[in-house]
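Please take a moment to look over the sequence and the model before reading on. The paragraphs below lead from the contact between the chains to single residues.

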Amino acid sequence: MSAQKKKNEFIYFSSRNPKLLAGVSIILLFLILGLIGPSLTDHDPFAYANPLGAQPPSSGYWFGTTFFGQDVFSQLVNGLRATFLVGAIGGGLGTLLGMLIGFTAGYRGGVVDEILNALTNIVLVIPTLAVLLIIAAYLEVRSIFTECLFIGLTAWPWAARAIRAQTFSLRTRDFVDLARMSGMRPLKIIFTEIAPNMMSYLLLVFILQFGGAILTAATLDFIGLGPTNAISLGMMMQYSVMWGALQLGTWWWFIPPGLAITIIVGALYSMNVGLDEVFNPKLREM
Amino acid sequence: MKRYFGRKILIYLLTFFLAVTIDWMIPRFMPGDPVRNMLTRVSVNTNASAIQMMYDYYSHLFGLDMPLWQQYLSFWKSLFMGELGISVYLFPTPVKDVLLRAIPYDAFLLVPSILLSWYAGNKFGAFAARSKWLDNTISPLSYILTATPYMWLGILLAWFFGIVLGIFPIAGAYSFTMRPNLSWNFIGSVFHHWFLPFASLFLVGFGGWAIGMRNMIIYELEADYSHFLGALGAPKKLVRKYAFSNAVLPQITGLALQLGVIVAGALVTEVVFSYPGIGYLLLAAIQNQDYFLIQGCFLFIIIGVLLANFIIDIAYILVDPRTRRGMTGETA
């Protein structure tokens, strides 16, 4: 099958998969909201804009205001930026590290594999959040980028494990042997022979890493170890619980951030299932 | 089986070693001065000599006045003696005692929610697979549940059942007007306070397990042995039974892999419900920059997760006969 035909087939099945389309549209919608949202409001996310304190949604403050009179809409759209940053950078870094370790272990085999596999298993058992929180607790100044960095550095093990298994099954195939016999260097074999054959798989790994990084960041932010110089959805939830939004019944404060995370991560899962059906003919509902 | 266990135990020992090393390293190699940091928070006394005295005391406690290798060895030594330092936030209670007091609450919350959500999720997932309308209702619902951040579901449940309907309490492990005792009244209060945090952990977990089992069992039902069994005229129920016992194995491994996430979920759920477990302590420790307590929480979480992993390994051997007979069931 020619590459051109394969590409067309991918587009054909993608554009007819409701799960994939729904997932992608929701993600794009939130991405646009995060990009242009902050310019739609005059209120700084931390500014005490409303002198009346906590007020329900109104024409002046679309999503209402917090206990301190901060604009919830402004916090939400700025928090969305942080969420996408953490997903893209943290999830991307996790995927890259997973690829690096998975490809090396799977392709090299032998002692290298043993060592990398042991390392993967060790990091896999350590509860990521415990490590993240002890690092974050000792950092006085935390930015979104350090958060991304540390999430990426701890999120790779399952990806490495999965990619290693895939590489293992591919490296004994004839076309890889052929490439090796023709004198191709290992790095080139990995990138031109092995990786393209698991591109779909790598994409799925990235999507799951993206969602995982978002949830981990929300957890860290909620415990009070979020960025010290920005707003995030997890921090919104933390503030709302700390300042008694539950008892005061100011639902507009704590519903939007959690709902946004749930919808984004849900949309990512939906994309994942959809892509799986596109790539794997057995799963297609015809 | 010996080989399987040997490898596993080696991994756990290495993990513990690495975790303790991280625990030791981070306060010492992070930018900033944790002792100074802690004192600026704690000291109301502006007397310079008193601060210097406290500074020396804490530096000595951290062992910062010794060479590095000695600090490392003495860290291990005090760890084996069960000394984790003194909590600053709950001064002068030793960190160990603070944590031991919190552990029962964590166990009471985590064990039932993990086991029940795993069991129920697997049952429902297997039930939903290959049944059109169940699959169309349970699957999307499960995806939404598993995408929900733990604390948000906790917040929603607390708000709806605790504030709007007012039928469940949303703070503490038992009524503030009671003292712990062995009466039905008190036990009732404990369960009353336990229910909502349990429910939020249960629901998020349930979604994940249901999806996992649904996908697994579809895969197993497509396998040759299932088709063969079907072709022999075996009743559908029997085929499903065999498929289920095969599909449940990856779910056990999945449980081990998910433990870290579940524990993290429990930490934030406890924060939402002011439930006096480790998560709640951790929040207080972070807000008060109580580094000893943070480090203690870290160690206790690691030890708990390692123990749970070990128990799951034993369960895996009991369920999968291949690991017992020396064949490679699960890759260690």
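This is a predicted model: local features need pLDDT of at least 70, side-chain atom pairs count only at pLDDT 80 or more; totals for chains, interfaces and linings use all residues.

Two residues are said to be in contact when they have heavy atoms within 4.5 Å of each other. In that sense, 45 residues of chain A are in contact with 52 residues of chain B. The area buried between chain A and chain B, that is, the accessible area (1.4 Å probe) that two parts lose on being put together, summed over both, is about 4,300 Å², and carbon and sulfur atoms give 80% of this area. Three residues, A:Ile134, A:Tyr138 and A:Leu246, supply 18% of the area that chain A buries against chain B, which is more than any other three residues.

Residues are numbered from 1 along each chain as its sequence is written, chains are lettered from A and ligands numbered from 1 in the order in which they are written, and side-chain values use heavy atoms, with hydrogens and water left out.

Chain A can now be taken as a whole. Its secondary structure comes to 13 helices and zero strands, where helices (H or I, at least four residues) and strands (E, at least two) are DSSP runs numbered from the N terminus. The C-alpha atoms of chain A fill a box of roughly 75 × 45 × 30 Å, taken along the principal axes. Of the 286 residues of chain A, 54% count as buried; buried means under 20% relative accessible area, exposed means over 50%, and partly exposed lies in between, with a 1.4 Å probe and protein chains only. Among the contacts in chain A with a separation of 6 or more, 72% are accounted for by residues 24 or more positions apart.

One pair of residues in chain A gives a view of such separations. A:Leu35 has its place in helix 2 (residues 18-40) of chain A, and with 55% relative accessibility A:Leu35 counts as exposed. The C-alpha atoms of A:Leu35 and A:Leu80 are separated by 8.5 Å, although the two residues are 45 residues apart along the chain.

Where do the charged side chains meet? A search of the whole structure finds six salt bridges over all chains, a salt bridge being a side-chain nitrogen of Lys or Arg within 4 Å of a carboxyl oxygen of Asp or Glu. In one of them, A:Arg164 pairs with A:Asp113, and the closest N and O atoms are 2.7 Å apart. This pair links distant parts of the chain, for A:Arg164 lies in helix 7 (residues 157-170) of chain A and A:Asp113 in helix 4 (residues 110-125) of chain A, 51 residues apart. A:Asp113 is buried, with a relative accessible area of 8%.

A salt bridge between A:Arg180 and A:Asp177, with the closest N and O atoms 3.1 Å apart, is of a local kind, because the two residues are three residues apart in helix 8 (residues 174-181) of chain A and so are separated by about one helical turn. Here A:Arg180 counts as partly exposed at 37% relative accessibility, and A:Asp177 is partly exposed as well, with a relative accessible area of 26%.

In chain B, the side chains of B:Lys8 and B:Asp313 meet in a salt bridge, at 3.6 Å from N to O. B:Lys8 lies in helix 1 of chain B and B:Asp313 in helix 12 (residues 291-319) of chain B, so the pair ties together parts that are 305 residues apart in sequence. B:Lys8 is buried, with a relative accessible area of 13%, and B:Asp313 is buried too, with a relative accessible area of 4%.

Between chain A and chain B the count is one salt bridge, and the side chains of B:Arg7 and A:Glu114 meet in a salt bridge at 3.7 Å, N to O. Leaving aside its neighbours within four places in sequence, B:Asp23 is in contact with A:Ile134, B:Phe75, B:Gln295, B:Phe298 and B:Leu299.
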